[in-house]
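Please have the viewer open as you read.

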Amino acid sequence: MMKSFFIISLSTFLSAQSVAFTFDDGPKVAATPLLDPVSRNAAILNHLTSRGVQGMFFVTLKNGADHPAGLALAKTLGEGGQLLANHTVSHPDFNAEATTLETFQTEIQGCDAVIRTLPGFRAYFRFPYLREGATEAKREGIRAYLRAQHYRIGYVSIDTCDWLIDAKLQTKLEQNPALDLSPWRSLYLGHLWERAQVYDRLAKGIYGREIPHVLLLHHNLLNALFLGDVIDMFQAKGWKPVSAEAAFADPAYQVEPRVLPVDGSVLESSAQALGIPLNPYFKGMRSERRIGEEAGKL
Ligand SMILES: [Zn+2]
């Protein structure tokens with residue numbers, strides 16, 4: 001009796017970590033050196049559905065969904081059981097002085113008008129570049145606007161540079177279509193695991209407990225190739241995939257940090273708001289520049 005109880009408790013403890021997979025900027029219809037847009041979208045969807053994982057896709061309209069071919073890809077994701085959310089029309093930087101509160105609201109509205117009727121739509125908004133405002137007026141103005149529109153912020157806990165590895169990979173593939181992909185897979189998985197551990201320690205430092213994580217990835221060639229390996233890696237490490245909606249139910253995602261500028265993972269801005277120094281957590285983590293350099297050597 002005692003023995004089986006112990007085993008159940010231990011396995012619960014070992015699988016305490018969980019992670020939601022979210023994908024920004026898609027669906028993309030631009031050409032890539034491998035796979036056409038329909039195949040890339042289908043590959044990403046298949047990696048998820050074959051593992052029973054529900055991802056959330058933050059749509060940027062101008063990357064494709066403003067035309068029938070791109071809209072069809074978004075619809076395919078929704079019909080395939082994935083969730084769709086808002087990532088503006090044209091991906092402006094809200095922290096930039098040139099982006100006014102009014103134009104940014106129009107950006108949110110324009111994306112909403114197209115994706116709201118699609119299967120799998122959820123009223124979550126993710127800020128391009130994770131930038132939520134560099135002045136108090138804009139930060140509070142957009143938060144009030146989102147509340148009035150019944151939108152919630154689609155925060156990220158684990159920030160990554162999959163987009164950078166993807167860009168480097170595409171450049172190399174253009175030069176050499178027979179490129180060996182296995183070192184790219186290793187670099188990508190190693191990078192994600194390093195980031196996941198750093199942000200998980202930060203979450204525990206802030207909250208003194210595990211939080212369900214929200215991983216930022218992109219709708220790109222890299223994930224069309226390796227997303228299955230990414231999900232398998234997290235599961236092998238004991239991290240259970242959860243839906244982004246389930247993760248967002250955690251209080252860690254129901255915050256409005258009053259820092260300026262708001263930029264990056266919600267854990268970074270929450271720590272800043274609480275006066276928790278970030279340096280001890282990020283010290284030693286490979287930077288974006290370092291990852292770019294490592295990719296450049298492959
Ligand atoms: Zn984006």
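## Fold and zinc site

In this chain, 83% of the contacts with a separation of 6 or more are between residues 24 or more positions apart, a contact being heavy atoms within 4.5 Å. The model is predicted: local features need pLDDT of at least 70, side-chain atom pairs count only at pLDDT 80 or more, and totals for chains, interfaces and linings use all residues. Residues are numbered from 1 along each chain as its sequence is written, and side-chain values use heavy atoms, with hydrogens and water left out.

The chain holds 12 helices and nine strands; these are DSSP runs, with helices (H or I) of at least four residues and strands (E) of at least two. Its radius of gyration is 19 Å, which agrees with the value near 19 Å for a compact globule of 298 residues. That radius is taken over C-alpha atoms, and the globule rule is 2.2 Å times the number of residues to the power 0.38. Of the 298 residues, 53% count as buried, meaning under 20% relative accessible area with a 1.4 Å probe, protein chains only.

Now to the metal. Asp25 (OD), His87 (NE2) and His91 (NE2) coordinate the zinc ion at 2.0 to 2.1 Å. Donors are N, O and S atoms within 2.8 Å of the metal (3.2 Å for Na, K and Ca); water is not among the atoms, so sites may look incomplete. Along the sequence, the donor residues follow the spacing D-x61-H-x3-H.

| Residue | Relative accessible area | Class |
|---|---|---|
| His87 | 1% | buried |
| His91 | 17% | buried |

Note on methods:
Buried < 20%, exposed > 50% of the residue type's maximum accessible area, 1.4 Å probe, protein only.
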